[in-house]
Amino acid sequence: MFNEHRVTALKPLVRYWDVMLLVPNVAFLVFLMWKLPSARAKIRLTSSPIFVAFYILVFVVAAVGITRAIVSMTVSTSSAATLIDKVLWEITRFFLLAIELSVIILGLAFGHLESKSSIKRVLAITAVLSLAYSITQVLFLIFLHPQIPDFQIVVSRPNIVLS
């Protein structure tokens, strides 16, 4: 039988989950960098600021995913590190929500938003809305439910906890 001390001694320094999130994000960013010259040429032909905004938003998503995975891999498994990891997930969700809302609004108003100022206005409004949502989530996470455990799979026999 395994005891908890023996199982915790076998924990790796980097969680598999973080590596599984890092690898596709890095591969996607490498793909974007590889296709950057041809994408820039296509964007220059269209001269639409919406395509530039879309491409920048895609780069931001890839960069935020890589940053979250790297920072999450560097923190330890203490309770403070768990809180940091949860806050990092909320930051990632903030960027993703802001970008998704921006894409929806820019997509719905595709022909009507051709100026850079209107695109900046849409990005600012969606960022404010996403920030309000994310701050509410973080406050809920930290102050109202700090005892929420991480996702764990508990196997009844033998007494092993996989996380």
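Author: A definition to begin with: buried means under 20% relative accessible area, exposed over 50%, and partly exposed in between (1.4 Å probe, protein chains only). The model is predicted, so local features need pLDDT of at least 70, side-chain atom pairs count only at pLDDT 80 or more, and totals for chains, interfaces and linings use all residues. Residues are numbered from 1 along each chain as its sequence is written, and side-chain values use heavy atoms, leaving out hydrogens and water.

Reader: Is Phe 31 buried, partly exposed or exposed?

Author: Phe 31 has 41% relative accessibility. That value lies between the cut-offs of 20% and 50%. Phe 31 therefore counts as partly exposed.

Reader: What kind of aromatic pair do Phe 31 and Trp 34 form?

Author: Rings of Phe, Tyr and Trp (its six-membered ring) pair if their centres lie within 6.5 Å; planes under 30 degrees apart count as stacked, over 60 as edge-to-face and the rest as tilted. Here the centres are 6.3 Å apart, with 65° between the planes. Three residues separate the two in helix H2 (residues 16–34), which means about one helical turn. The pair is edge-to-face.

Reader: Which residues does Glu 90 touch?

Author: Glu 90 sits in helix H5 (residues 79–108). Its relative accessible area is 8%, so Glu 90 is buried. Contact means heavy atoms within 4.5 Å. Not counting residues up to four places away in sequence, Glu 90 touches Ser 134, Gln 137 and Val 138.

Reader: At what angle do H4 and H6 pack?

Author: Axes are lines fitted to C-alpha atoms, for helices over the stretch in contact, and angles run from 0 to 180 degrees between N-to-C directions. The axes of H4 (residues 49–74) and H6 (residues 116–144) are 9 Å apart. The angle is about 35°.

Reader: Which residues in H6 meet H4?

Author: On the H4 side are Pro 49, Ile 50, Ala 53 and Leu 57. Their partners in H6 are Lys 116, Ile 119 and Leu 123.

Reader: In what order do the elements of the protein chain run?

Author: Helices (H or I, at least four residues) and strands (E, at least two) are DSSP runs, numbered from the N terminus. The protein chain has six helices and two strands. From the N terminus on, the order is α-α-α-α-α-α-β-β.
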